[in-house]
Amino acid sequence: MTLDSDVALQTLLGQFFNHICEEDFEQCFHWAKAELQSRNSTAYQLVDEFEQQPTIKFEQINELDNSEAFLLFSACYGYARHEVEESNWYLHAETLVRSSITALEAITPSPLVKVLQKFAAIQIDVCYIDRGIYTSQEWLMAEATQNIETHLACVNTFAAEFNEVESQLFARHLLPEFNAYRHFSEGVAIIAELCDIRWGEPAILTAKMAQLRPQFITAVRALTAADKYIMSTDLEALWPPLTFFSENRQPGSGELYVERGSISISYFANVNHIVTRELRKALAEIVETGPTNHALHLSQWGADTPKSNMLNDIWAGIAKDFEDIYSWQLPELTMPFRNKGGKDNQLVFDVELIYYPMGIFALNLRAPLEYVSASGVRHAMSLGTPFAMDQQMSWHDQTYGLFEEFAEQRFAELAETLNDYFSHYQNPVADLLIYNASENRFVSTLLDRVIERVDGNDISMTAKSLKTHFAYPVFVLQQRELRSAVDDWCLRTVTSDEYNLNKDCYNHDEFVFTNHHECILGLLQQPNWVLEQSAEMMEVAAAVNNLFHLTNKLLDKQLQHNLTHAVPTLKDKRISAAKLRGQVKKLTDEADCLRQFTHDAHWLLELINAGSMMTFPDHTRMVQKVFDHMDFDKLHTRTQKTLDKIHFRQEEIISETAKLYEKLRTRNSKRFTRVLSGSMALISIGALKDIFDILNGSEMGFKISGPLQVSIVTFFGMLLIILLINKNESDK
């Protein structure tokens with residue numbers, strides 16, 4: 001039965017478009033999901049797993065009836081639209097839209113079903129428009145609008161085949177949506193055209209904007225009149241950056257490109273202090289003896305054998321105690337990057353896992369930036385944020401959408417490996433590896449050489465000329481979740497130069513800005529060895545900062561456990577001396593590990609505060625300011641307070657447990673004495689009877705037997721019982 005004759009399917013169609021017209025996409029998903037569940041449809045399981053598996057194949061759904069297939073389409077489409085509005089998971093949303101089209105293929109074919117497929121396909125191009133806005137790639141927007149026009153032309157072709165019922169359904173539900181898409185696409189096409197010339201002469205941009213402004217306003221007003229609130233506001237927000245470009249760019253200026261630079265994205269995890277000493281010892285033995293097979297080789301990741309690292313010579317204050325640094329080189333991670341015109345551009349990240357003393361793992365991903373536009377650099381800088389747009393990443397025959405997802409997976413597997421290796425502890429060890437890729441992250445961007453492209457010619461930029469350029473803010477502005485338009489960074493307030501950390505180490509025209517999640521090193525006048533030193537300074541500072549951040553989380557849990565930990569009493573029948581002895585040893589070992597960590601932490605803090613961490617005074621002042629801008633002071637103050645509380649409570653628990661152990665041992669000793677005394681008494685009575693037997697068997701002329709023997713044995717037995725009772729009374 002086709003849609004034009006299926007009344008039940010037409011009812012579902014109306015309910016679906018009610019949600020779409022209200023722009024309530026999340027409710028659309030929940031409605032469809034609930035309907036599938038009420039029908040006991042096999043499609044419900046597919047819907048329930050959208051987040052993990054958005055791909056649906058026709059073979060999975062070819063036995064669904066028309067209503068079930070349409071509800072599956074509705075669930076896919078509603079979930080995808082919700083993701084587009086609430087997140088940056090565009091690849092995930094695009095996959096769901098394609099799955100919604102697959103679901104429509106399971107419905108009896110008709111011209112109206114083909115139109116529904118085009119309706120869904122347009123949303124894929126809307127994702128590309130959003131992707132172009134987020135990454136400032138206007139060519140993606142232009143291509144998407146061309147695709148939308150192609151889809152709308154196909155819709156007109158299919159509409160010519162409609163019967164009367166299909167025409168009515170189309171006019172009621174679909175025509176308003178296609179009209180809205182046409183207005184939106186026309187507006188976006190205008191923006192893409194203007195963005196394409198935004199780096200040309202400002203006067204030309206201004207004239208073109210004046211010419212196209214009326215058409216743009218017409219599109220916005222049409223969407224507003226049609227109650228398409230999301231589309232109208234999204235479209236309207238695309239204009240202000242172009243106005244700023246036309247009014248504020250200097251004539252003769254061009255677009256900036258980073259000719260040579262790099263980006264480093266790091267994630268951090270903290271090892272529980274109860275195993276840090278053993279871990280350092282194990283890694284040292286691996287490096288020294290070089291076993292061919294070892295669990296800590298991380299061979300499942302295709303890693304090279306771990307090696308020992310040394311810090312740069314600027315770290316004289318900590319070099320000796322920080323010499324136990326180990327690293328693993330992992331396979332490269334690659335992702336397509338800004339491939340305008342079908343180019344095969346990629347970002348290729350070297351991946352390295354580093355273990356620092358005191359228990360911090362750093363997962364570093366570093367890629368060169370070569371001839372990347374300023375907008376492209378900002379795109380790359382956003383990859384290490386929780387609000388990053390998902391990508392097509394490839395690593396070791398695996399695919400990932402987000403760096404955060406990649407880091408979470410690596411640390412989860414590392415925690416499993418460590419738990420297997422330290423199996424002599426409680427297995428698994430609670431909180432053996434603490435990590436949160438959304439919070440414990442750091443993005444470091446290094447600019448070495450920058451050029452300005454004017455009329456096809458590349459002009460080298462000095463640090464001074466860069467700081468006066470129109471696009472300078474693109475490098476120094478902190479990353480934000482908000483991406484409302486192409487190059488909307490131009491509308492933000494630039495970071496004040498009072499936060500520039502260049503004064504202590506670098507030339508006065510250069511710039512260094514940092515916070516606890518990111519830094520930018522604009523060192524255009526420095527040799528390579530200074531660049532390497534500076535990058536390492538930021539990496540180590542970020543590792544130390546995250547060490548204390550993660551340690552605070554672990555210590556908070558430990559303090560909560562210690563405060564709620566109740567020492568058992570003698571009345572507890574489950575306790576034993578052996579258990580208490582083991583508990584005292586465990587607590588003492590943990591306390592020793594914690595004392596070692598406290599010692600190391602105090603040592604490191606003293607070095608930082610005393611200015612003894614670095615070799616040279618200028619580096620010392622620099623790193624102190626870096627820690628200050630990372631809010632390190634708040635972190636280590638809290639760490640010390642928590643450590644003091646834990647030490648105090650641990651000593652209390654150890655003392656109380658040790659006292660209980662002594663009491664239990666004394667009580668057990670007394671019980672043993674009583675049992676031994678009773679046993680001796682029984683032995684004594686038995687011996688008395690044996691004496692009588694010996695006497696009766698002798699030739700001494702008398703015989704003790706019968707009532708007399710019983711009386712004597714009973715007398716001595718009662719006498720021993722009285723003595724034991726008196727002894728027990730005196731023991732209590």
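I take two strands as paired if DSSP finds at least two bridges between them. Strands are DSSP runs of E of at least two residues, numbered from the N terminus.

The model is predicted, so I note that local features need pLDDT of at least 70 and side-chain atom pairs count only at pLDDT 80 or more, while totals for chains, interfaces and linings use all residues. Residues are numbered from 1 along each chain as its sequence is written, and side-chain values use heavy atoms, with hydrogens and water left out.

**Strand β5**

I looked up the neighbours of β5. Strand β4 (residues 346-356) pairs with β5 in the antiparallel sense over seven bridges. Within this pairing I found aspartate 350 bridged to arginine 366 of β5. Three residues lie between β4 and β5 in a hairpin, and methionine 358 in the turn has a positive phi of about 75°.

Strand β1 (residues 255-271) also pairs with β5, antiparallel, over ten bridges. Here I noted alanine 269, whose bridge partner in β5 is phenylalanine 361.

I then checked burial (under 20% relative accessible area, 1.4 Å probe, protein chains only; exposed is over 50%, partly exposed in between). Eight of the ten residues of β5 (residues 360-369) are buried, so the strand is largely enclosed by the rest of the structure.

**Glutamate 259**

I found glutamate 259 in strand β1. Its relative accessible area is 22%, which makes glutamate 259 partly exposed. I listed its contacts (heavy atoms within 4.5 Å): not counting residues up to four places away in sequence, glutamate 259 touches Leu369, Glu370, Tyr371, Arg449, Val450 and Ile451. The C-alpha atoms of glutamate 259 and aspartate 448 are separated by 7.8 Å, with the two residues 189 apart along the chain.

How values were computed: Helices (H or I, at least four residues) and strands (E, at least two) are DSSP runs, numbered from the N terminus.
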